[in-house]
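Some notes on the model follow, as numbered points. Please read them with the structure open.

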Amino acid sequence: MDIRASTVLPARREDIELRTADGLTLVGELALPVSPEGGSSTQSRPPVATLVCLHPLPTHGGMMDSHVLRKASYRLPALADVAVLRFNTRGTTSDRGTSQGSFDGGEGERWDVAAALEYADFHDLPNPWLLGWSFGTELALKWGRDPIVRGAILLSPPLKRASEKDLAAWGEFGRPLVALVPEHDDYLRPEEAVRRFTAAPQAEVVGVEGAKHLWVGEPYVRIVLNEIVARVNPAAAPLPTTV
């Protein structure tokens with residue numbers, strides 16, 4: 001069977017709730033690998049790594065179901081033994097429900113990031129990587145420098161809320177930082193990204209020819225997912241296109 005935009009592969013999918021230090025409940029989902037003879041409702045098997053997903057700007061439609069993050073949860077548990085944790089930041093709504101609180105421009109969301117990482121740590125989810133997209137990249141850069149974080153992958157980073165100071169702090173943090181930058185991005189394009197990310201010496205900027213900020217189109221989704229897996233579980237890369 002060819003893997004298409006709508007393909008949903010087996011995983012154990014659990015509705016979860018995150019509790020923030022400032023008293024909010026956030027809704028989310030955890031997708032875990034299952035054994036080959038299992039199925040979506042059977043016992044999970046230990047993942048190799050974990051993606052903690054930080055979605056695009058909720059005031060412009062971003063949520064845990066934003067398509068690249070949703071497709072990561074649909075494919076990567078089965079194809080790469082990667083757990084995918086998605087959640088709605090404060091005040092954000094998706095089919096899963098609405099997280100408590102209200103959008104705070106990336107400031108109060110620091111507690112949302114902390115709650116997701118605390119959940120991963122408490123539930124022994126291995127090798128957590130942050131996967132931020134657009135607004136989510138700002139949250140990763142500003143608030144994701146936690147000792148349990150193995151690295152961060154940034155999709156379409158605008159570098160608006162996140163400053164050079166935040167990049168320099170990531171440089172000192174020392175963990176891998178990978179920025180996937182569309183050739184035709186609305187906010188930050190590859191040439192400027194290379195210059196801006198010099199503040200974090202370990203940062204790797206990957207320009208993606210033909211891509212736009214929203215990564216619309218199955219070819220671009222596959223590029224993104226392959227780049228993710230190449231970092232978090234290189235043994236599973238490149239991903240198959242059939243199952």
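1. Lys142 sits in helix H3, which spans residues 135-143. In this predicted model, Lys142 has a relative accessible area of 14%; the cut-off for buried is under 20%, so Lys142 counts as buried despite being a lysine. Leaving aside residues up to four places away in sequence, Lys142 touches Gly106, Glu107, Arg161, Ala162 and Asp166.

2. How many of the nine residues of H3 are buried? Eight are, and the helix is mostly covered. The buried ones are Phe135, Gly136, Thr137, Glu138, Leu139, Ala140, Leu141 and Lys142. Among the elements that cover them are strands E3 (49-54), E7 (128-133), E8 (151-155) and E9 (177-182), together with helices H2 (109-122) and H4 (164-173).

3. Most residues other than glycine have a negative phi. Ser134 is also buried, with a relative accessible area of 10%.

4. Asp81 is another non-glycine residue with a positive phi, again about 55°. This residue lies in the loop between helix H1 (67-80) and strand E4 (82-87). Is Asp81 buried or partly exposed? At 22% relative accessibility, Asp81 counts as partly exposed.

5. The peptide bond between Ala237 and Pro238 is cis, with omega about -5°. Most peptide bonds are trans. Pro238 belongs to the segment after helix H6 (218-232).

Terms used. Residues are numbered from 1 along each chain as its sequence is written. This is a predicted model: local features need pLDDT of at least 70, side-chain atom pairs count only at pLDDT 80 or more; totals for chains, interfaces and linings use all residues. Side-chain values use heavy atoms; hydrogens and water are left out. Helices (H or I, at least four residues) and strands (E, at least two) are DSSP runs, numbered from the N terminus. Buried means under 20% relative accessible area, exposed over 50%, partly exposed in between (1.4 Å probe, protein chains only). Contact means heavy atoms within 4.5 Å.
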